[in-house]
Amino acid sequence: MRSLFRTITICVAFFLGATFSYAQPAYIEIGVAPGLSFFRDKATSPLFYRGNTLSFIGAWHSTKNSNEKLASISFTWGKHTNNYNNTHNSAKLYNLEFTFSKLYLLNKFSSEKWKTKIGAGILSTLNIRENKALMNNSLGVENISNIVLSTKISKDISRLSSGKELAFLFNVGIVNLNYRPGYAYNYLPSIEDCYIRSMTNHHLSINGFRLNSGVQYSKMLSNRNILRISYLFDAYNAPGKHEPFNYAKHSLKFSLLFNYK
Amino acid sequence: MRKRVFYILIIQLFSLTSCHKWLFEKDIASKDPFINFNYLWDEVDKKYAYFELKQVNWDSVKTVYHSKLYAGIEEDTLFTILGDMLNELRDDHTNLLSPFNTSRYNIFLKGDDNFEYRVIQKYYIKNNEYATGVFKHGFINGFNIGYIRYGSFVESINNNDLDFILERYKNTKGIIIDLRENSGGNFVNIPKILGRFTDKKTLVMYNRTRSGTGRNDFGPYEPFYISPSKRIQYLNKPVIVLIDRGSYSASTFFALATKAMDNITLVGDKTGGGGGLPNGGQLPNGWTYRLSITQSYDLNKINYAENGVEPDFYAKLNWFNLTQDQIVDFSINLIIKK
């Protein structure tokens, strides 16, 4: 396990170093994404909870013909409910997500109008959930981190001189890590010295899957900024060591990309 | 042609990934009484911590209660059967909750009632009762002894309140902390209070958590320490803690912890238990439940707190003379003699 982490860390460091080492056209993206999401934590419930979410996204993009880089952070808030059998239980979800990816142009599958890019990325998601109906297990916390294979197929759909692009994005997890609670747990804390430790006995596991896809429409504005509308889908299964956590989200992102180089 | 391939590819990948239902195991929401019964029985079987201490044959319990089910059973009847099954564990940390009822064993009804606060107010702390945060307190009339009523651990204790109280009683011969009928609450309050009565870090108990499907599978013993508070303390004087069968959960942990502290004496009746921390969950029909998943041990690693912590001195309230609280009287005498 340690050697795996060392390898991953070295790869990430190399990846980041290679990315930020030279300048190319770059954008800062600010966006908001209302969505619909579903989750089930089988450690506490066999039922899916469904609800609306709202995400706030900040990202850095660097785009040129030969490669493309993205680093983003997003915060999502959502309220989910399960009303099966008139039980009306609700769960709040707070989610913080970091993304980094780097894609390279595949010349063989690209032309002036069509571009196919492939590369790798890192997704890391921290979920904090609160469902008071579960009493001593009302709090749920997990981290899902993935190294993903990333693909982007885009087409320049411009007519005349205005820049328009339609793109399909697809990420699939190739290393799927999750940090989930232990066999039986509750969130009443134990107290040792002056600090409080939750009795959850979290474990790191390498299992499950993650799929992340989207369709995005981008329009270049006259000031070289970009207006973008995206449909995004994210789903993951984190089996952990004992019980799985399932999550899926559909969202519609509206964002502005400000050119600064 | 290329254009057509592109759009077909987009539509295909899009439709494959945009539907979450095929990605995960099927939703097992169900009102079927047999499915819900088996789910609950299994969860208890996999996670409950006290089968051995309580000598409960969980397999026999299944046979008895499963035979009471039938197709088309009314929800209320199903609830009663499942609730009665859980009550075989004799554990108030093990409950079933539905929109129309909550099951509870009510351990305090199995023992005597030993508390009537009106007697304390009227005959012991008359005219000087203070209400400071979650505490009620006063000087016991005619004695240089402080009485502190702590009725629930649910609300988090404010350290300033404890400072005020201990400053008020700093010159007393001793204090009485009354936990009778305190049914528990927030575990964090235990070290907040007990840290005021020790000048050294003290190991007070161990806990173990169920860690596998075997009924005796438990994780390591986790030590629980009380560290001395850096705020106002009350040291080198007797502290009496009053307990009874209504002292449950955090009160039981509190009482167990005092066994490791020389200056604290327990008086009253055995606590109600609740020495297992509960784990919550939900059934396929949406009802929720909780059950004890940890064991608490004293310093000799003996597991008894779930059945109640014994007082150092037994005392009972005489309901035929409600001008006196014999448990408080006994405690006053203990302090005077020390």
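1. In chain B, three strands make an open sheet in the order E8-E7-E13, with antiparallel pairing. Strands E8 (222-226) and E13 (294-297) of chain B are the edges: each has a single partner strand, so one side of each is left without a neighbour in the sheet. Direction ignored, neighbouring strands here are turned by 30° against each other on average. Strands are DSSP runs of E of at least two residues, helices are runs of H or I of at least four, and both are numbered from the N terminus; two strands pair if DSSP finds at least two bridges between them.

2. The basis is as follows. This is a predicted model, in which local features need pLDDT of at least 70 and side-chain atom pairs count only at pLDDT 80 or more, while totals for chains, interfaces and linings use all residues. Residues are numbered from 1 along each chain as its sequence is written, chains are lettered from A and ligands numbered from 1 in the order in which they are written, and side-chain values use heavy atoms, with hydrogens and water left out.

3. Five bridges join strand E7 (residues 202-209) of chain B to E8(B), in the antiparallel sense. Within this pairing Thr202(B) stands opposite Ile226(B) in E8(B). Helix H9 (residues 250-258) of chain B packs on the sheet and touches E7 and E13 of chain B, its direction making about 135° with that of E7(B). Contact here means heavy atoms within 4.5 Å; axes are lines fitted to C-alpha atoms, for helices over the stretch in contact, and angles run from 0 to 180 degrees between N-to-C directions.

4. In chain A, E7(A) and E11(A) run antiparallel and are joined by nine bridges, with Glu165(A) opposite Ser218(A) in E11(A). E11(A) also pairs with E12(A), antiparallel, over twelve bridges. The hairpin of E11(A) and E12(A) has five residues between the strands, and Arg224(A) there takes a positive phi near 75°.

5. The largest pocket holds about 660 Å³ of space. On a 1 Å grid over the protein atoms alone, a pocket is an open set of points with protein on both sides within 12 Å along at least five of seven lines, a cavity is a set where a 1.4 Å probe fits but cannot get out, and lining residues have an atom within 4 Å of a point. Grid points are joined across faces, edges and corners, and a volume is the space filled by probe spheres set on the points. Of the 27 lining residues of this pocket, Tyr27(A), Thr63(A), Glu165(A), Met220(A) and Ile226(A) lie nearest its centre. The largest share of the lining, four residues, comes from E6(A).

6. Strand E3 (residues 67-82) of chain A gives the most to its lining, with seven residues.
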